[in-house]
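Here is a short report on a two-chain model.

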Amino acid sequence: MLLIECPWCGERDESEFSYAGEAHIARPLETEKLSDEEWANYLFLRKNTKGLHREQWNHAAGCRRYFNVERNTVSYKISGSYKIGEQGPVGDET
Amino acid sequence: MSKYSIFSLARNAMSFHQNWEKVWRSPEPKKQYDVIIVGGGGHGLATAYYLAKEHGIKNIAVLEKGWIGGGNTGRNTTIVRSNYLWDESAHLYEKAMKLWEGLSQDLNYNVMFSQRGVYNLGHNLQDMRDIERRVNANRLNGIDGYVVGPEEIKRAIPALNVDAGCRYPVLGASFQPRAGVARHDAVAWGFARGADQYGVDIIQNCEVTAIRQENGEVTGVETSKGTILANKVGVVVAGHCSVLADMAGFRLPIESHPLQALVSEPIKPVLDTVVMSNAVHGYVSQSDKGDLVIGAGIDSYTGYGQRGSFSGIEHTVAAIIEMFPIFSRVRMNRQWGGIVDTTPDACPIIGNTPVKGLYFNCGWGTGGFKATPGSGWVFAHNVATGAPHELNAAFGLDRFTSGFLIDEHGAAGVAH
């Protein structure tokens, strides 16, 4: 069971949260000028990192706010949480 | 390689079964091959087998970083069916079903394919409308299927709770009689033996670390056993396909998630078919050994850890108990996880890539086992000819740019 720290509510059980995918994907500006490749890149293509991964979580059964988590996708060890718009921690690569 | 038969069994009985020959060789890799298949699971071995058998390409290496069939091939719940909604996927899975029906004979290896039928339960009016639509679509595509009511379900599956007062009442189901289960290990071993007979080198404990390219064309791979050259490389690595794509320099619309399954202690025969429910989100069958084979949904977060979350187990078991209260005191024996490669439209990606000579077969997500022979069949064609088979033409990587997605999410009436 993951123990996830919500930046507003503190550490809570994994079951209180819902996963919201890879973090730091900015919606492109001037979308009317995007090519099909650029749309595919934004909508569908993902890093799917094996190792340190920055991702969004929503505290669905709590404050219902989104935040970012840095987690290792092999060991599932969480190196830290941070609010949207902040620079995250850089965990060790293990 | 000798043929398995009643006579070979009798002959080997004379020597107390001490002299059976090895089922496949374990050769050292050669410097160069015509085709390299990365990934020694069911799909990769089936690809090598059909490349050798149907396309006459026999100078093939199958590179497996662990042991063959040790990934998702050995970690699934062994269900085989072809009742998919959309034409493209229905045709692909039905091709696989037809190959399943003759597979043990073709491979001379018993894959224990048992057509015991699959029920997909409907619990509300919308479920039943979806089921009727899907069964009609299946029948138009020549795939067997029926809509059955609660009385018939009760007769066929006495252990299932169909009481009108239960939390998720069973209003009906779709039933595909030709669906069933197969023994997953035997599928990997049978294809390995078949491929080996044609001279395919199956190289285990050989991890690919880089993909060699020159001028946008693939020239081979770097592995933990040195450089191996080939002008055609087929990648069939399920959960790790993004890692391989990263080596080749492109990205995939794939996220890898843990999916877990569990089996109970062996019990007396209680369930002679396969029961799946999308609404309570679980599926169960009983193996020949007697254990209940249980699965459910993926963990929501991405992961490569080959283990599932505890809350996932709780959710899975709760779903099964909802359907079968009689199982509430059955003890669970083992639990494990696999890494499934999910795509945005829950359909596989089979075809060419931006690198010439490099082909990917991935994105099967939670439902790849049932497609094993069909996947190998079309991918072998794609690798041999350099162009997609008519059955996998719609499943190219380019559909995410063109927008021609095949939305099988939930439409197939399953726990995707």
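In this predicted model, chain B holds an open sheet of six strands, ordered E8-E2-E1-E12-E19-E18, with mixed pairing. Strands E8 (201-203) and E18 (349-352) of chain B stand at the edges with a single partner strand each, so one side of each has no neighbour in the sheet. From one strand to the next, the twist averages 15 degrees. Strands (E, at least two residues) and helices (H or I, at least four residues) are DSSP runs, numbered from the N terminus. Two strands pair if DSSP finds at least two bridges between them. Strands of a sheet pair through backbone hydrogen bonds, either parallel or antiparallel.

Strands E1 (residues 35-38) and E12 (residues 232-235) of chain B run parallel and are joined by four bridges. Val35(B) stands opposite Lys232(B) in E12(B). Helix H8 (residues 241-248) of chain B lies across E1, E12 and strand E19 (358-362) of chain B. H8 runs at about 165 degrees to E19(B). Axes are lines fitted to C-alpha atoms, for helices over the stretch in contact, and angles run from 0 to 180 degrees between N-to-C directions.

Chain A comes to one helix and six strands. Along the sequence, the pattern is β-β-β-α-β-β-β. The C-alpha atoms of chain A fill a box of roughly 45 × 30 × 20 Å along the principal axes. An open sheet of four strands in chain A has the order E3-E4-E5-E6 and antiparallel pairing. Its edge strands, E3 and E6 (78-82) of chain A, each pair on one side only. The twist here averages 30 degrees from one strand to the next. Three bridges join E3(A) to E4(A), which run antiparallel. Glu22(A) has Glu55(A) in E4(A) as its bridge partner.

| Strand pair | Bridges | Direction |
|---|---|---|
| E1(B) and E12(B) | four bridges | parallel |
| E3(A) and E4(A) | three bridges | antiparallel |

Next, the interface. In chain A, 24 residues are in contact (heavy atoms within 4.5 Å) with 26 residues of chain B. The two chains, A and B, bury about 2,200 Å² between them, 54% of it on carbon and sulfur atoms. Buried area is the accessible area (1.4 Å probe) that two parts lose on being put together, summed over both. Phe44(A), Asn48(A) and Tyr76(A) lose the most area in chain A, together 31% of what that side buries.

Between chains A and B there are zero salt bridges (a side-chain nitrogen of Lys or Arg within 4 Å of a carboxyl oxygen of Asp or Glu). The rule finds 14 residue pairs in polar contact across this interface, both residues at pLDDT 80 or more. A polar contact is a pair of N or O atoms within 3.5 Å; within protein, one must be able to donate a hydrogen and the other to accept it, and residues adjacent in sequence count only if both atoms are side-chain atoms.

On the side of chain A that touches chain B, strand E3 (18-22), helix H1 (36-43) and strand E4 (52-58) of chain A give two or more residues each. H1(A) gives the most, with four residues.

In chain B, Ile313(B) is found in helix H9 (residues 310-323). Leaving aside neighbours within four places in sequence, Ile313(B) is in contact with Gln260(B), Leu262(B) and Gln335(B).

Residues are numbered from 1 along each chain as its sequence is written, and chains are lettered from A and ligands numbered from 1 in the order written. Local features need pLDDT of at least 70, side-chain atom pairs count only at pLDDT 80 or more, and totals for chains, interfaces and linings use all residues, while side-chain values use heavy atoms, without hydrogens and water.
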